[in-house]
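Welcome! Open your viewer, keep the selection tool at hand, and follow along one stop at a time.

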Amino acid sequence: MHSANETTNKLIMLFVFDKMEIPLVEDTVVDICSVTNEWIPQMECRILIHDLLESDLLCSIVAPNQDMLYAITAAGRECLAHFFIRIPASLRDHVSEFVSENRMMYRRKQEYLPDYFKNADG
């Protein structure tokens, strides 16, 4: 049995994925939802990702030389469309504003992977 708070947190996470419009690594989701904004408790955040995967509301994407990526599915968008009203309007506005201001920063963080090698001169 799910608590109302857990359901709201799942909807918040789906809303973040929907607004970001790009697949995200788990650490990025935790950073956005828990560390930077405290929308979802950090301990719960990682669990919710896996719950949403099991429910087919998120899908995983294997990317070469990168951590597992997660993206919202069509079923996730449909679920969000039906129940997004359960997310307080002020929080929806805050999420939308945060995402519009920070989307490119998170995208660059995920796309630019460091590659270290030793130069000939050491």
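**A tour of the aromatic rings**

Searching the whole structure, which is a predicted model, turns up 2 aromatic pairs.

Start by selecting tryptophan 39 and phenylalanine 98. Their rings make an edge-to-face pair, with 5.7 Å from centre to centre and 90° between the planes. Now colour the elements around them: tryptophan 39 sits in the loop between α2 (26–36) and α3 (42–54), while phenylalanine 98 belongs to helix α5 (residues 89–111), so this pair ties together parts that are 59 residues apart in sequence.

Phenylalanine 98 has 11% relative accessibility and counts as buried because the cut-off is under 20%. Tyrosine 106 is buried too, with a relative accessible area of 2%. Show the three side chains together: Trp39, Phe98 and Tyr106 form one aromatic cluster.

Finally, zoom out and switch to the cartoon view. You can find 5 helices and 3 strands in the protein chain. Trace them from the N terminus and the order reads α-β-α-α-β-β-α-α. How many of the 122 residues count as buried? The share is 40%. Among contacts with a separation of 6 or more, 60% come from residues 24 or more positions apart. With the surface back on, you are looking at about 7600 Å² of accessible area, and carbon and sulfur atoms account for 53% of that.

Note on methods: Residues numbered from 1 in each chain as written. Predicted model: local features only at pLDDT ≥ 70, side-chain atom pairs only at ≥ 80, totals over all residues. Heavy atoms only, no water. Phe/Tyr/Trp six-rings, centres within 6.5 Å; stacked < 30°, edge-to-face > 60°. Helix = DSSP H or I, 4+ residues; strand = E, 2+ residues; numbered from the N terminus. Buried < 20%, exposed > 50% of the residue type's maximum accessible area, 1.4 Å probe, protein only. Contact = heavy atoms within 4.5 Å. Areas by Shrake-Rupley, 256 points an atom, 1.4 Å probe, with all protein chains shown as cover.
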